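Reader: I am new to reading protein models. Could you walk me through one, feature by feature?

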Amino acid sequence: MRKITYREAVREALREEMIRDARVFLLGEDIAEFGGSYKVTEGLLAEFGPERVRNTPISEAAIVGAALGAALMGMRPVAEIMYIDFIGIAMDQIVNQVAKVKYMFGGKARVPLVLRTQGGGGRSSGAQHAQSLEAWFVHVPGLKVVMPSTPYDAKGLLKSAIRDDNPVMFIEHKLLYATQGEVPDADYTVPLGVADVKRDGRDITVVATSRVVHLAMAAADRLATQGIEVEVVDPRTLVPLDEEAILASVKKTNRLVIAQEATPRCSVASEIAAIVTERAFDDLDAPIARVTALPTPVPFAPALEQHVLPDEEKLIAAVHAALQ
Amino acid sequence: MYRQMARIRMFEERAAELYRAGELPGFLHSSVGQEAVAVGVCAHLTPGDVITSTHRGHGHVIAKGARLDRMMAELYARETGYCRGKGGSMHIADLDLGILGANGIVGGGIPIAVGAALALRLRGERRVAVSFFGDGATNTGAFHEGLNLAAAWEVPCVFVCENNEYAESTSRRVHQRVKDVVTRAVAYDLPGTIADGMDVFSVYAVVGEAIARARQGRGPSFVEAKTYRFSGHHLGDPGTAYRSKEEVEVHRRRDPIKLFREKLVREGLASSAELEAIDGEVAAELEQAVRFARESPLPKPETALEDIYS
């Protein structure tokens with residue numbers, strides 16, 4: 001099968017959905033001639049023109065609000081927020097408007113809106129360009145939240161998100177854009193709400209999200225040489241969350257480590273730990289462990305950033321501790 | 001137009017009575033005094049045109065075509081209300097009527113109207129979007145972001161500022177420096193005009209030009225309607241801590257409904273008897289609406305879990 005990058009996979013999904021459905025259009029900062037800060041939308045202006053690939057002012061609230069207004073009128077906008085860190089400006093629109101209009105209106109609205117953004121550290125981007133803020137959106141009823149880790153998932157999930165009649169937060173990771181993976185030529189989608197077991201194992205489950213899936217896979221390779229078989233489960237979508245897949249894995253391995261790049265308090269890892277504790281406590285042979293960023297802003301200095309973010313070593317240590 | 005103004009006035013007054021009698025839960029923000037703006041604007045709109053409204057939105061949605069019985073049922077938190085009891089006074093919406101929602105967040109509807117207008121333009125339709133908001137909203141980021149985007153994209157959107165001189169309790173003298181809110185339109189190169197918001201003819205004339213521009217594809221514009229809120233910010237606020245009796249009295253003398261009636265009679269467009277007959281019909285419609293609401297079922301508790309996702 002051909003291999004393409006995560007960036008190309010996202011772009012292909014956008015392009016194919018724009019061809020498939022004239023109601024799909026893009027809006028965001030610097031997405032047109034410039035092709036986006038991470039070049040995801042490069043070439044789309046030339047193909048689809050300025051009405052469907054719309055540069056916006058630096059106005060995150062207006063980007064999201066305008067996407068909502070267009071969605072309510074039957075369009076299927078895909079808005080880009082350049083960095084998830086900039087999303088604070090748009091939080092009212094996302095939390096009070098986008099997430100709630102359907103409910104507040106007694107069910108009569110449909111909001112087919114995708115909000116693409118990217119987060120994550122590892123490039124010395126500093127505290128305002130490197131956060132992992134997915135938990136903010138997971139917390140709000142009415143939103144779906146997607147965090148793809150591979151090119152295959154990114155393409156298939158984005159196509160599903162664009163075809164979904166609900167608002168979807170689609171959170172990419174800046175360090176994944178250049179990674180490669182197998183993606184078929186044929187049209188396919190990956191359904192929202194279905195986890196993927198990225199690696200089978202019998203000894204311990206590692207549930208990991210976004211870039212941390214790759215850290216978990218690398219850690220699993222190393223642990224395998226020590227005779228420890230790690231099962232890596234990637235939820236892929238955080239809302240809806242495939243609880244059954246996580247529980248099935250825990251019932252098999254009886255041990256659970258949850259790994260994410262976000263800080264720990266009230267995070268997705270905390271939520272998954274709570275679910276497993278409520279629903280599968282008797283299947284656990286060891287306390288659930290969380291591997292997360294330290295509870296600090298993301299520092300600039302590489303030496304500090306590496307210390308704060310999760311890595312393979314921390315994951316391996318957590319697995320060993322859970323197997324004690 | 002007279003009937004619509006009477007419907008708004010009587011709906012607000014009846015809702016206030018019912019609220020004080022403890023029949024309605026939640027908040028209620030009365031638009032009494034501001035009826036001429038809602039009616040003067042919406043008289044230009046077709047069912048296909050859309051509006052975004054505010055926390056003080058009863059007048060806008062009535063003027064845009066909402067039924068009083070389903071509105072009252074929503075205020076009564078009943079299953080038959082516009083939002084099945086999930087929205088309440090501040091969130092009445094009906095997409096079929098082009099009402100993209102009243103809104104509990106000041107300024108929140110402005111960017112939504114811009115996006116709706118963009119959708120209309122992308123599809124080549126001659127429909128327009130109107131965003132209602134108050135003077136308080138013109139200090140929010142959403143206002144400035146929304147107006148700038150509308151101007152940059154030349155979308156068919158009309159921004160209608162109902163300047164009632166107070167952002168909740170804070171006087172405009174305190175919350176902004178500009179003498180007229182319309183000054184702010186200049187920053188976005190939008191045509192801006194002031195209307196007398198107590199005179200429905202003035203609103204109708206000024207907004208008519210703005211809506212015609214939008215419909216003809218000549219872009220967005222801004223209207224400042226100078227109006228006044230006769231009651232407090234919400235029922236429960238007498239509105240006296242920050243406004244003098246004299247000030248309120250001066251504005252009450254220019255009651256938009258009284259002015260409208262006087263003009264209709266003076267110019268021979270309608271007789272007092274005809275207007276009273278309309279008042280009687282509206283009163284009957286309203287009582288029917290209250291009866292409908294009272295007799296409607298409460299939402300079943302388990303429906304709280306519905307309508308979150310499609």
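Author: Start with one residue. At 0% relative accessibility, A:T205 counts as buried, because the cut-off for buried is under 20%. Keep in mind that this is a predicted model.

Reader: Where does A:T205 lie?

Author: A:T205 is in strand β10 of chain A, residues 204-208. Its side chain makes a polar contact with the side chain of A:S249, at 2.6 Å.

Reader: Which residues does A:T205 contact, leaving aside its neighbours within four places in sequence?

Author: The list is A:E231, A:V233, A:S249, A:V250, A:T253, A:R255, A:L256 and A:V257. Note that A:S249 is on this list and is also the polar partner.

Reader: Let me try chain B. Is B:S221 buried or exposed?

Author: B:S221 is buried, with a relative accessible area of 3%. It is found in strand β7 of chain B, residues 221-226. Not counting residues up to four places away in sequence, B:S221 touches B:C157, B:V158, B:F159, B:L190, B:P191, B:A210 and B:R213.

Reader: And what is the relative accessible area of B:T170?

Author: The value for B:T170 is 32%, so this residue is partly exposed. B:T170 is found in strand β5 of chain B, residues 170-171. Beyond its neighbours within four places in sequence, B:T170 is in contact with B:E165 and B:H175. Now look along the chain. B:T170 and B:R243 are 73 residues apart, and their C-alpha atoms are separated by 9.7 Å.

Reader: What about B:C161?

Author: B:C161 is in no disulfide either. The nearest cysteine sulfur belongs to B:C157, 14 Å away. B:C161 counts as buried, at 0% relative accessibility.

Reader: Now charges. How many salt bridges are found over all chains?

Author: The search of the whole structure gives 57. One of them joins A:R2 and A:D185, with the closest N and O atoms 3.1 Å apart.

Reader: Which residues are linked with A:R2 in a network of salt bridges?

Author: The network links A:R2 with A:E12, A:E16, A:E17, A:R20, A:K155, A:K159, A:R163, A:D185 and A:D187.

Reader: Please show me salt bridges in chain B.

Author: Here are two. The side chains of B:R67 and B:D69 meet in a salt bridge, 2.6 Å from N to O. B:R67 is partly exposed, at 47% relative accessible area, whereas B:D69 counts as buried, at 14%. B:R123 forms a salt bridge with B:E125, the closest N and O atoms being 2.9 Å apart. B:R123 counts as partly exposed, at 33%. B:E125 also counts as partly exposed, at 27%.

Reader: How do I read an interface?

Author: The size of an interface is often given as the accessible area lost when the parts come together. Between chain A and chain B, the buried area is about 3,300 Å². Carbon and sulfur atoms give 63% of that area. A:M73, A:Y103 and A:F105 supply 22% of the area that chain A buries against chain B, more than any other three residues.

Reader: How many residues does the contact take from each chain?

Author: Chain A gives 41 residues and chain B gives 38 residues.

Reader: How many salt bridges are found across the interface of chain A and chain B?

Author: The rule finds three. B:R121 forms a salt bridge with A:E51, and the closest N and O atoms are 2.8 Å apart. There are also 18 residue pairs in polar contact between chain A and chain B.

Reader: Which elements give two or more residues to the side of chain A that touches chain B?

Author: They are β2 (24-28), β3 (53-55), α3 (60-72), α4 (91-98) and α5 (101-104) of chain A. The largest share, nine residues, comes from α3(A). By class, this side of chain A has 19 nonpolar, 13 polar and nine charged residues.

How values were computed: Residues numbered from 1 in each chain as written. Chains lettered and ligands numbered in written order. Predicted model: local features only at pLDDT ≥ 70, side-chain atom pairs only at ≥ 80, totals over all residues. Heavy atoms only, no water. Contact = heavy atoms within 4.5 Å. Buried area = accessible area lost by both parts, 1.4 Å probe. Salt bridge = Lys/Arg side-chain N within 4 Å of Asp/Glu carboxyl O. Polar contact = N/O pair within 3.5 Å; in protein donor to acceptor, adjacent residues only side chain to side chain. Helix = DSSP H or I, 4+ residues; strand = E, 2+ residues; numbered from the N terminus. Nonpolar A, V, L, I, M, F, W, Y, C, P; charged D, E, K, R; others polar. Buried < 20%, exposed > 50% of the residue type's maximum accessible area, 1.4 Å probe, protein only. Disulfide = S-S within 2.5 Å.
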